[in-house]
Amino acid sequence: MRMYNFIFSDKPAIRILRHIIFWLSWYIYQVMLFLYNNSNIQNSFWLTLKVRCLKLLTVLPIGVIQCYVIVYWLIPTFLLRKKYFLFICGVIISSAAVIFFVDLLTYNRFEFASIWVGIISYISRSGPIFCLVFIMIKMLKTWYLKEREKETLLKENLGAELKLLKAQVHPHFLFNTLNNIYSFILSNPPEARELVKKLEKMLQYMITECEQPLVQLRKEINLINDYTGLEKVRYGNRLDMQVEISGDCNNKTIVPLLMIPFVENSFKHGTSRMLEDPWIKLFIQADEDVLHFSLTNSKPPEEIINKKQGIGLSNVKKRLQLLYPENHLLKIETTRHTFMVNMQIPLEKSEK
C-alpha cells in the first residue's frame with residue numbers, strides 16, 4: 001500500500017522525488033554501462049570515468065527537458081487530439097534540438113558533418129530508450145487512473161440506482177398495505193388498530209435496518225411472516241396458505257427486500273382477484289450459501305399470460321441484475337390458473 005501511495009500520490013514533494021529517482025536511475029545506469037564497457041582500461045581509468053560522469057551531468061538536463069516536452073505538451077496537445085502529423089513533427093524537432101545541444105556541449109561546436117556522430121552518440125547513451133520508458137510509465141499511469149476513475153464512477157452509479165430501486169419498494173409496499181387496512185377501519189376498528197401496529201413494526205424495520213446493504217436473513221423471514229399474518233386477517237378462512245421455511249436462517253445475511261415484492265404480488269394480483277378458493281404456497285430454504293425461494297399462487301383464469309408486470313417484480317429483476325449479474329436464478333412462469341416464482345440468490349455469513 002505504501003508503494004501504491006508513492007507511485008500514484010499527487011503530492012508535489014512525492015512527485016518530485018519520483019522523478020528524481022527515475023533520472024538518478026538513468027544516470028547510474030549510464031555509469032554502470034561505462035564501467036562494464038571499459039573495465040579493461042588500465043591507464044587513467046578514474047580520470048576517464050570522472051570526465052564521463054561530468055559529461056553525463058551536462059547532457060542529462062537536455063534529455064530530461066525533451067521527455068517533459070513530449071509527455072506534458074506534445075502528447076496532450078497533439079497526440080491525444082489525433083493530430084498525429086504535428087506530434088511526429090514535434091518529436092523530430094525536439095530530438096534534433098537534443099542532438100544539436102549534446103553535440104555543442106560535447107565538442108564545443110556544431111558542424112553539419114557531425115550530425116550522424118551526434119545521432120549515434122545520442123542513441124548510444126540510451127537517450128531514446130529512457131525517453132520511451134518515461135513516456136510509457138506516464139501513459140500506463142494515466143490509463144490506470146482513468147480505469148480506476150471509470151470503475152469508481154460505475155460503482156457510484158450502481159449504488160445510486162440500487163438505492164433508487166430500494167426506495168421504490170417502500171411507497172409501493174405501503175400503498176398496498178394501507179388499502180388492506182382501510183377496509184377494516186369501518187367494519188372492524190379494533191382489528192384495524194392491530195393491523196396498524198403490525199404495519200408500524202414492518203415499516204420501522206424497512207426504514208431503519210433496510211438502509212444497510214445486507215440484513216439478517218431471519219429478520220427478512222420475520223418481515224414475510226408479519227406481512228402474510230396481516231393478509232391472513234383480511235382473508236380469514238377463505239385463504240389456503242401454506243408456508244414452509246427450512247434450513248438454518250441464523251447467522252446469515254441477505255440483500256434486503258428481495259422476497260417481499262413476490263409475496264405481495266401473490267396477494268395483490270392473485271388471491272385478491274379470486275372469487276373462491278384462493279391459495280398460496282411459499283417455500284423458503286436456507287442452505288449454507290444459497291437461498292431457495294419458491295412461491296406459487298392461484299390466479300383468475302382471465303388473467304393475460306403476458307400481462308405487463310407491476311413495479312414490484314420489475315424492481316426485483318433490476319436489482320438482481322445489478323447485485324448478482326451472473327450469480328442468481330430467477331424463473332417466473334404463468335399458466336391459465338397459476339403464477340410461479342423460483343429464485344436462488346447467494347447468502348453471506350453474518351459477522352455477528
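These are my notebook entries on what I looked up in this structure.

**Entry 1: the whole chain**

I kept in mind from the start that this is a predicted model. I began with the overall make-up and found ten helices and eight strands in the protein chain. The chain has 352 residues, and buried ones make up 38% of them. I then looked up the accessible surface, which comes to about 21900 Å². Carbon and sulfur atoms hold 63% of that surface. Last, I checked contacts with a separation of 6 or more: 72% of them are between residues 24 or more positions apart.

**Entry 2: Tyr 4**

Which residues does Tyr 4 touch, leaving aside its neighbours within four places in sequence? I found Tyr 144 and Arg 148 in contact with it.

Next I looked at Leu 24, which I found in helix 2, residues 12–37. Leu 24 has 47% relative accessibility and therefore counts as partly exposed. I also found it in a nonpolar surface patch, together with Ile 16, Ile 20, Ile 28 and Met 32. I noted about 490 Å² for this patch.

**Entry 3: aromatic rings**

I looked up the aromatic pairs and got six in the structure. One of them is Trp 23 with Tyr 68, an edge-to-face pair with 6.4 Å centre to centre and 80° between the planes. Why does this pair tie together parts that are 45 residues apart in sequence? It does so because Trp 23 lies in helix 2, while Tyr 68 lies in helix 3, residues 45–79.

I checked how covered the two partners are. Trp 23 is buried, at 8% relative accessibility, whereas Tyr 68 is partly exposed, at 25%. Tyr 68 also pairs with Tyr 72: their ring centres are 5.8 Å apart and the planes stand at 45°, so I put this pair down as tilted. Both tyrosines lie in helix 3, four residues apart, which is about one turn of the helix. Tyr 72 has 35% relative accessibility and so is partly exposed.

I then followed the ring pairs as a group. They link Phe 22, Trp 23, Tyr 68 and Tyr 72 into a cluster.

I turned to the strands and came across an open sheet of three, in the order 1-3-8, with antiparallel pairing. Which strands stand at the edges? I found strand 1 (215–216) and strand 8 (348–349) there; each has a single partner strand, so one side of each has no neighbour in the sheet. For Val 215, I noted Ile 254 in strand 3 as the bridge partner.

**Entry 4: the hairpin**

My last stop was strand 6, residues 329–334, and strand 7, residues 338–346. How many bridges do they pair over? I got six, in the antiparallel sense. As one example, I found Leu 330 bridged to Met 343 in strand 7. I wrote the two strands down as a hairpin, with three residues between them.

Technical notes. Residues are numbered from 1 along each chain as its sequence is written. This is a predicted model: local features need pLDDT of at least 70, side-chain atom pairs count only at pLDDT 80 or more; totals for chains, interfaces and linings use all residues. Side-chain values use heavy atoms; hydrogens and water are left out. Contact means heavy atoms within 4.5 Å. Two strands pair if DSSP finds at least two bridges between them. Buried means under 20% relative accessible area, exposed over 50%, partly exposed in between (1.4 Å probe, protein chains only). Accessible areas come from the Shrake-Rupley method with a 1.4 Å probe; for residues, only the protein chains shown count as cover. Patches are made of residues with over 30% relative accessible area and no salt bridge: like charges are joined within 9 Å, nonpolar side chains (Val, Leu, Ile, Met, Phe, Trp, Tyr) within 5 Å. A salt bridge is a side-chain nitrogen of Lys or Arg within 4 Å of a carboxyl oxygen of Asp or Glu. Rings of Phe, Tyr and Trp (its six-membered ring) pair if their centres lie within 6.5 Å; planes under 30 degrees apart count as stacked, over 60 as edge-to-face and the rest as tilted.
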